[in-house]
Amino acid sequence: MIPIARLVPALAPVVGGAAVLVWRFQETRKPVTTRKIVIPPLGMSTGFGMFFVPEMRVPWTWGVGAFLLGALVLAVPLARSSALERDGDVVMMRRSNGFILILLGLLAIRLLAHNWVGQYLSVRQTAAIFYLLAFGMILRWRAQMLVRYQKLREDIAGEPATGAVAASP
């Protein structure tokens, strides 16, 4: 029988990945707003509170390395597969079949890396490292999305309205 201490960390990424897929599908049905772009990384930033617990702390170099790996490597496929497009007076997220494959690929990488990292770090430190990796990835992805969104909103604001009033950013 698998101990619960090993089962929960193994299932959490799968459940989280499924939740992201559902969320991503829902995200394409409603107009994008500044709030919808900014809230996820802001909400996720509360996780930095875990570092108040000494058992969660990792060396700075490891933390910076994990953050940079997420921001410079793993965020790239997310950003490339997240297209925003103008639809009348609003900005919409365009669905991408590739995004689902990218998320599944990132989940597979995470599961494999988690097992490897878990051999060298405690369960709590492993969680902290993967949090930093994910935060770097989400922060860069959303920052790039915000820049693209603002450019589209400027284009919309520069033209006369042709229909429905856009949601406030």
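Which residues does Leu84 touch, not counting residues up to four places away in sequence?

1. Leu84 touches Val32, Val91, Met92, Met93, Met145, Arg148, Tyr149 and Leu152, where contact means heavy atoms within 4.5 Å.

2. This is a predicted model, in which local features need pLDDT of at least 70, side-chain atom pairs count only at pLDDT 80 or more, and totals for chains, interfaces and linings use all residues. Residues are numbered from 1 along each chain as its sequence is written, and side-chain values use heavy atoms, with hydrogens and water left out.

3. Leu84 is also listed, with Val32, Leu78, Val91 and Trp141, among the residues with the most contacts inside the largest nonpolar core, which has 33 residues. Such a core is a set of buried (under 20% relative accessible area) Ala, Val, Leu, Ile, Met, Phe, Trp, Tyr and Cys residues joined through side-chain atoms within 4.5 Å. Two or more residues come from each of α3, β2 (90-94), α4 (97-118) and α5 (123-157); α5 gives the most, with 14 residues.

4. The search of the whole structure finds one salt bridge, a side-chain nitrogen of Lys or Arg within 4 Å of a carboxyl oxygen of Asp or Glu. The side chains of Glu85 and Arg94 meet in a salt bridge at 3.0 Å, N to O.

5. Trp60 lies in helix α3 (residues 60-80), helices being DSSP runs of H or I with at least four residues and strands runs of E with at least two. Trp60 is exposed, with a relative accessible area of 76%, the cut-off being over 50% with a 1.4 Å probe.
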